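This report covers a sheet, a cavity and a set of aromatic contacts. Please read it alongside the sequence and the model.

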Amino acid sequence: MSELPLGRASEYPDTYTADLLFPVDRAEGRAALGITGALPFSGADLWTAWELSWLDAGGRPLTATLALEVPADSPALIESKSLKLYLNSFAMSHFQDSTEVEKCLQADLCNAAGSPVGVRLTLAPAGAGIQELPGVCIDNEPVNCEKFTTDAGLLRCSDEVVNESLHSHILRSLCPVTGQPDTGSILINYRGPRIERGSLLRYLVSFRRHCDFHELCVERIFLDLQEQCRAEQLTVYARYNRRGGIDINPFRSNFETDIRDLRLWRQ
């Protein structure tokens, strides 16, 4: 962790510098979750960078939002501060057009992640409004919460098999490098024994002092629900709030492949 850019004082280059990107091997974090072979899910990490800017050939600044889709099976994730530094390095760099910017981003990000990365630039507001997560919000369940470190044993389910979607807006974990809070919303779409909603809320609250990257938090939740609640079909999708102009939104599923890039009320 001491080698990560996130934990060090940094310079902020404003001319294009590809080697600012810092990949993090997914295997080590997954080994701690007991994942050492084939992944029990598919999915992707959806990133939105809201502050990308560069200069055209005549020196006129252009701005855009950048949407990235990093496959869950890529060998590496991209450390978030390194992405911020990298994108900032476009600010005083000249490009002929947005297509050249997109190609540059694609090449660098694919190289860092070790697999194809989806890249989409939006130069003007697309008119996308605020959206809502489907299903039932569990945040008003009448529970007492006393555990603030992860505890899968809090989860309970009945024998009744259901198809349902549940969501919550209280997700909070801590950055493993800086200790800063990462907050967001989470959607759980499943078929299997009915999850007792109060127990799910207590379980999610138990992440409040848990230190891990967004991606590994979602993978831990997926594995815990699969093991403790015997879900036959399961999707876990977190929409984290942005920090430093970027939000990270991991999606993991063993049956869904269509990933909706939602924008929620705090994003």
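Strand 2, residues 42-55, is mostly covered in this predicted model: 10 of its 14 residues are buried. Strand 2 pairs with two other strands. With strand 3 (residues 61-71) strand 2 runs antiparallel, and 10 bridges join them.

Strands of a sheet pair through backbone hydrogen bonds, either parallel or antiparallel.

**The cavity**

How many cavities of 30 Å³ or more are there? The count comes to 1 cavity, and the volume of the largest cavity is about 200 Å³. Its lining is made up of 20 residues, and S80, D182, H214, R243 and I248 are the closest to its centre. Strand 4 (76-78), helix 2 (80-88), helix 5 (214-229) and strand 10 are the elements that give two or more residues to the lining. Strand 10 gives the most, with 3 residues. By class, the lining of the largest cavity has 9 nonpolar, 3 polar and 8 charged residues.

**Aromatic contacts**

A search of the whole structure finds 8 aromatic pairs.

| Pair | Centre to centre | Angle between planes |
|---|---|---|
| Y16 and F90 | 5.4 Å | 75° |
| F41 and F222 | 5.3 Å | 80° |

Why does the pair of Y16 and F90 tie together parts that are apart in sequence? Y16 lies in the segment before strand 1 (23-25), whereas F90 lies in the loop between helix 2 and helix 3 (98-113), so the pair ties together parts that are 74 residues apart in sequence. Y16 is partly exposed, with a relative accessible area of 33%. F90 has a relative accessible area of 0%, so it counts as buried. Y16 and F90 also belong to one aromatic cluster with Y86 and F95.

In the second pair, F41 lies in the loop between helix 1 (26-32) and strand 2, and F222 lies in helix 5, so this contact ties together parts that are 181 residues apart in sequence. Both F41 and F222 are buried.

A further contact involves a charge and a ring. R242 lies over the face of W50, at 4.2 Å from the ring centre.

Key. Residues are numbered from 1 along each chain as its sequence is written. This is a predicted model: local features need pLDDT of at least 70, side-chain atom pairs count only at pLDDT 80 or more; totals for chains, interfaces and linings use all residues. Side-chain values use heavy atoms; hydrogens and water are left out. On a 1 Å grid over the protein atoms alone, a cavity is a set of points where a 1.4 Å probe fits but cannot get out, and a pocket is an open set with protein on both sides within 12 Å along at least five of seven lines; lining residues have an atom within 4 Å of a point. Grid points are joined across faces, edges and corners, and a volume is the space filled by probe spheres set on the points. Helices (H or I, at least four residues) and strands (E, at least two) are DSSP runs, numbered from the N terminus. Ala, Val, Leu, Ile, Met, Phe, Trp, Tyr, Cys and Pro count as nonpolar, Asp, Glu, Lys and Arg as charged, and the others, Gly among them, as polar. Buried means under 20% relative accessible area, exposed over 50%, partly exposed in between (1.4 Å probe, protein chains only). Two strands pair if DSSP finds at least two bridges between them. Rings of Phe, Tyr and Trp (its six-membered ring) pair if their centres lie within 6.5 Å; planes under 30 degrees apart count as stacked, over 60 as edge-to-face and the rest as tilted. A charge sits over a ring if NZ of Lys or CZ of Arg is within 6 Å of the ring centre and within 35 degrees of the ring normal.
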